[in-house]
Amino acid sequence: MTLGDFEARNRERWAEYERLLEKLEKGGKVARAADASSLPRRFRELCIDLSLAEFRMYGERMSAKLNELVIRGYEILYRQRRVGLDRVVRFLAVGFPAAVRREWRLFWLCSAVFWLPFFVVMLSAGHDIQWVQSILGADGMAGMDSMYGGREQQIEHLRDQYGANFMMFGHYIHNNVGIDLRTFAGGLAAGVGTLFYLLFNGIYLGAAAGYVNEACDPESFWTFVSGHSSYELLGMVVSGMAGMRLGLALLNPGRLPRVRALTEAAKSALPLIYGAMLLTTLAAVVEAFWSARFLPSGLKYGVGIAGWMLHVAYFLLAGRRVGDAA
Amino acid sequence: MNTAEPKLDTLQAVELAEGVEIRLRMAGPMLRMAAYLIDCVIKFVGMMVVFIVLMLAGMAVGDRVMWGMMALVAFFAEWFYPMVFEVGKRGATPGKRMVGLRVVQVTGSPLTLGQAFVRNILRWVDALPLMVWPTYGVGMVSCLATRRFQRLGDLAAGTVVIYDRQPLLPVLIAPPPITAVPLPVGLTSDETRTLVLFRERAGLWSAGRRQEIGEQAECLSGARGAEGVSRLMAMAHWVQEKKQGTLKR
């Protein structure tokens, strides 16, 4: 069969297939009216046509035309379905806590990288406050003084204006979730970026806490941070885990080629970074709308402790039966 | 898929479950840079419009609410602008669409949400080093070092950027040869394709240029100059017309 015969015999069928594609690509009402159920059959026919054209060397024009028709059909047939609510619920109830449990070594590693410098720097303030002062710098100290300097609940006063809580919510999302994402991406530099963010936050937050303990009013600080501390700090540690998953894939790919190991690691890091973003978003909600309220200290500490207990229970218990077997 | 030898073009063959090979044309870093710059302009204009609307709305609901909204808008534009478009039907940001590119999996099928997320969050690393503005130095080096022009985010997500509609090669067949010469040795499908393509495009070139290109395949034709070209033509003719005669029927 010559090129001309081949084209003449099939031209009509290809045109029909292309019209169907155009309708389906448009989407909406046009696509629903189209005869979508015939697409798989027509697509397979086009695949056979392409194989024949390649095998018989009908030339570049014919191959290119059929190649494009096949690709367009392939993209419609294999389009990903939307993420349903059931998958979101399953992720929250099973997927996320199970992923954190599976990576328990990374959890302790990232926790240590954050908490050890935090406590060392915070406690060092009691012996010699100069370390802490030099970490915070003049601006940092002035900021802490203005927020937690005295007994008169300055944060609560700042938040009195209408809409201030929402403004801070936007700021916390922009800043804190952004840090989560950078911590994750930094893992690509063999984990160095991730470790940097964890270490930096540990040192800086430790310095802030130490400075407030010595030079400001500790109660106004600790009552403010207690409510959202569990969400925020666990979110940071979990995003660190996701970053280290990437970094370790590059450092120790095992039996896979490095690029392949990286692709696999990115897949297994996904539930971690999704979860970290969720925790940090919740932290922003609590920090914006709860933490700055003027309430008895006992209640605020209580809510903070309850938050930590909830997280421990969630990560230890949720989805144990279903998730760890899979 | 696993072609270790250097290739003549940027086509990558991918075998589908249907048993057929499709060829994807990979997009190089320069075109992608153009798409990125267009996206930057679109993002900038979009943000400006949103900010002006918010500013006006701010008079009604209060300045602070508006500043909060702006922080949220800036956050989503910074991290999720490309991702939202790439999981969509077109598989491309507006900038990519304008220059005719789209993002697909290495296997040629459309992106999953997770892949779009990974490649666009890791964009932050590819954009380094930062010199006032992202330079994409890391991404450029990675693009040039990989076979499919992948930046690090693409490698981690398992994605490639391809031409959406492949531009057709100009084709002009030279007058058909009188004889058909069987191939002296077996050729791979890629090599045979190149030979046929030589015949199909030969009409576009002057005789001198034809000979110059033909001499690259001297080991196949066994001759130089006009003689070599006519032998290559005869072999291409055999491949296209005669070989299938012997195989079919």
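Predicted model: local features only at pLDDT ≥ 70, side-chain atom pairs only at ≥ 80, totals over all residues.

1. Domain organisation. In chain A, the domain assignment gives domain 1 as residues 3-77 and domain 2 as residues 85-323. The C-alpha centres of these two domains of chain A are 52 Å apart. Chain B is likewise divided, into domain 1 (11-163) and domain 2 (169-239). For chain B, the distance between the domain centres, taken over C-alpha atoms, is 42 Å.

2. Extent of the interface. Chain A brings 59 residues into contact with 61 residues of chain B. About 5,200 Å² is buried between chain A and chain B, and carbon and sulfur atoms give 67% of this area.

3. Polar features of the interface. Three salt bridges are found across the interface of chain A and chain B. A salt bridge joins the side chains of A:Arg182 and B:Glu78, with an N to O distance of 3.1 Å. Eight residue pairs are in polar contact between chain A and chain B, both residues of each pair being at pLDDT 80 or more. On the side of chain A that touches chain B, the elements giving two or more residues are helices H1 (3-26), H3, H4 (60-77), H9 (164-185) and H12 (258-289) of chain A. H9(A) supplies the largest share of that side, with 14 residues.

4. Helices H1 and H3 of chain A. A salt bridge is formed by A:Arg13 and A:Asp49, whose closest N and O atoms are 3.0 Å apart. This pair links distant parts of the chain, since A:Arg13 lies in helix H1 of chain A and A:Asp49 in helix H3 of chain A, 36 residues apart. A:Asp49 counts as buried because its relative accessible area is 6%, whereas A:Arg13, at 24%, counts as partly exposed. Helix H3 (residues 39-55) of chain A also holds A:Leu52, which is partly exposed at 24% relative accessibility. Between A:Leu52 and A:Phe6 the C-alpha to C-alpha distance is 9.7 Å, and their separation in sequence is 46 residues.

5. Helix H4 of chain B. This helix (residues 113-121) is mostly covered, with eight of its nine residues buried. Among the buried residues of H4(B) are B:Phe117, B:Val118 and B:Arg119. The side chain of B:Arg119 meets that of B:Glu86 in a salt bridge of 2.9 Å, N to O. The pair links distant parts of the chain, with B:Arg119 in helix H4 of chain B and B:Glu86 in helix H2 (residues 63-86) of chain B, 33 residues apart. Both B:Arg119 and B:Glu86 are buried. These two residues belong to a network of salt bridges that also includes B:Arg32, B:Lys96 and B:Asp154.

6. Other salt bridges. The whole structure has 23 salt bridges over all chains. One of them is between B:Arg224 and B:Glu215, with the closest N and O atoms 3.2 Å apart. B:Glu215 is partly exposed, at a relative accessible area of 26%.

7. Cysteines. How many disulfides does a search of the whole structure find over all chains? The search finds zero. B:Cys143 is in no disulfide, and the nearest cysteine sulfur, that of B:Cys40, lies 16 Å away. With a relative accessible area of 4%, B:Cys143 is buried. A:Cys216 is also buried, with a relative accessible area of 11%.

Technical notes
Residues numbered from 1 in each chain as written. Chains lettered and ligands numbered in written order. Heavy atoms only, no water. Helix = DSSP H or I, 4+ residues; strand = E, 2+ residues; numbered from the N terminus. Buried < 20%, exposed > 50% of the residue type's maximum accessible area, 1.4 Å probe, protein only. Disulfide = S-S within 2.5 Å. Domains from an automatic or database assignment. Contact = heavy atoms within 4.5 Å. Buried area = accessible area lost by both parts, 1.4 Å probe. Salt bridge = Lys/Arg side-chain N within 4 Å of Asp/Glu carboxyl O. Polar contact = N/O pair within 3.5 Å; in protein donor to acceptor, adjacent residues only side chain to side chain.
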